[in-house]
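Please open the model in a viewer and keep the selection tool at hand.

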Amino acid sequence: MRATSDTVAALKARLERAEREAAGHQRQLERYAADLRESYRRERARSQQLRRSYKATVRALSNAVEARDAYTGMHAERVAAYGLAIARAAGIDVADEPQLEFGFLLHDIGKVGVSDAILFKPAELSPDEFRHVAKHAEIGSKILRHVDFLEEATLIVRHHHERWDGTGYPDGLEGEQIPLAARVFAVADTLDALTTDRPYRDAVGWEQARAEIRRGSGTQFDPAVIAAYDTLGDDTFARLREGVRSSSAPSR
Ligand SMILES: [Fe+2]
């Protein structure tokens with residue numbers, strides 16, 4: 001009898017020890033989980049901060065290019081807004097591709113290598129002058145080529161004047177050889193060029209711009225990108241333009 005109660009007491013003691021150990025392990029696991037949650041939160045905040053810094057740097061560069069070219073004021077911001085909307089409509093996961101916006105904003109950075117006399121000439125360019133201006137796509141891609149975080153954006157900068165039919169520049173790429181983001185950009189760029197006053201011509205309305213852009217489907221533009229653009233109403237682009245204007249309003 002005595003032996004049995006000793007065994008029960010020993011088993012009970014072992015059980016209690018095992019329970020204490022299990023509770024200790026559970027507390028430790030909870031601490032690990034809390035540490036992990038905290039590291040994840042900090043890492044996320046850091047990467048968001050990094051992304052904001054990248055964006056601010058890209059904006060600063062883009063503003064530096066635009067400051068020289070007064071008449072296009074906010075062109076890069078508008079093109080980026082239109083381009084992101086068309087990219088989304090074309091099925092590109094814009095949130096996952098921050099370089100898209102960077103490439104749109106920086107597309108004309110190579111114009112820093114084009115002389116004022118030619119860039120701002122109020123008349124038609126001679127073939128030689130056109131060749132000089134056309135170099136901006138290549139110059140831009142060279143300016144950015146060593147910036148790791150702009151690798152994809154650099155492709156947009158280099159190929160933003162390629163045409164679907166292969167007659168564009170600098171590389172004469174054709175069809176799907178042209179990076180999709182650059183094909184999207186081409187439509188956004190033309191939309192803004194047509195709907196903005198320039199020294200050599202007045203702006204046209206959204207509807208007329210759409211008709212002109214559609215005429216370029218299959219020659220200048222990728223028909224699939226035009227189809228994506230056509231899923232968006234003119235009111236979408238009008239709203240985006242208004243958004244860019246109000247975000248740039250000077251504070252008093
Ligand atoms: Fe350009």
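A crossing of two helices is left-handed if the near helix is turned anticlockwise from the far one by less than a right angle, and right-handed if it is turned clockwise. Please note also that this is a predicted model.

**First stop: helices α3 and α7**

Select helix α3, residues 98-106, together with α7. Their axes come within 8 Å and cross at roughly 40 degrees. Which hand does the crossing have, left or right? α3 passes α7 in a right-handed crossing. To view the contact itself, display the side chains of Gln99, Leu100, Phe102, Gly103, Phe104 and Leu106 on α3. Their counterparts on α7 are Glu151, Glu152, Ala153, Ile156 and Val157.

Remain on helix α7 and select Thr154. Is Thr154 buried or exposed? Its relative accessibility is 12%, and a residue under 20% is classed as buried, so Thr154 counts as buried. Leaving out residues up to four places away in sequence, Thr154 touches Ser141 and Leu144. A distance may be checked here as well: from C-alpha to C-alpha, Thr154 and Lys135 are 15 Å apart in space, and they are separated by 19 residues in sequence.

Next, select His159, which also has its place in helix α7. His159 has a relative accessibility of 7% and therefore counts as buried. With residues up to four places away in sequence not counted, His159 touches Asp171, Leu173, Ile178, Pro179 and Ala182.

Two of them, His136 and His161, link distant parts of the chain, being 25 residues apart. His136 belongs to helix α6 (residues 136-144), whereas His161 belongs to the loop between α7 (151-159) and α8 (180-194).

Move to Pro170, in the loop between α7 and α8. The peptide bond that leads from Tyr169 to Pro170 is cis, and its omega is near 10 degrees.

Select α8 and helix α9, the latter comprising residues 206-215. The two pack at an angle of about 135 degrees, and their axes are 9 Å apart. α8 and α9 are therefore oblique to each other, and their crossing is right-handed. On the α8 side the contact is made by Val187, Thr190, Leu191 and Leu194, and on the α9 side by Trp206, Ala209, Glu212 and Ile213.

Finally, select Thr195, in the loop between α8 and α9. Thr195 counts as buried, with a relative accessibility of 6%. Apart from neighbours within four places in sequence, Thr195 is in contact with Ala203, Val204, Gly205, Trp206, Ala209 and Arg241.

Definitions and conventions
Residues numbered from 1 in each chain as written. Predicted model: local features only at pLDDT ≥ 70, side-chain atom pairs only at ≥ 80, totals over all residues. Heavy atoms only, no water. Helix = DSSP H or I, 4+ residues; strand = E, 2+ residues; numbered from the N terminus. Axes fitted to C-alpha atoms, helices over the stretch in contact; angles between N-to-C directions. Parallel < 35°, antiparallel > 145°, perpendicular 65-115°, else oblique. Contact = heavy atoms within 4.5 Å. Buried < 20%, exposed > 50% of the residue type's maximum accessible area, 1.4 Å probe, protein only.
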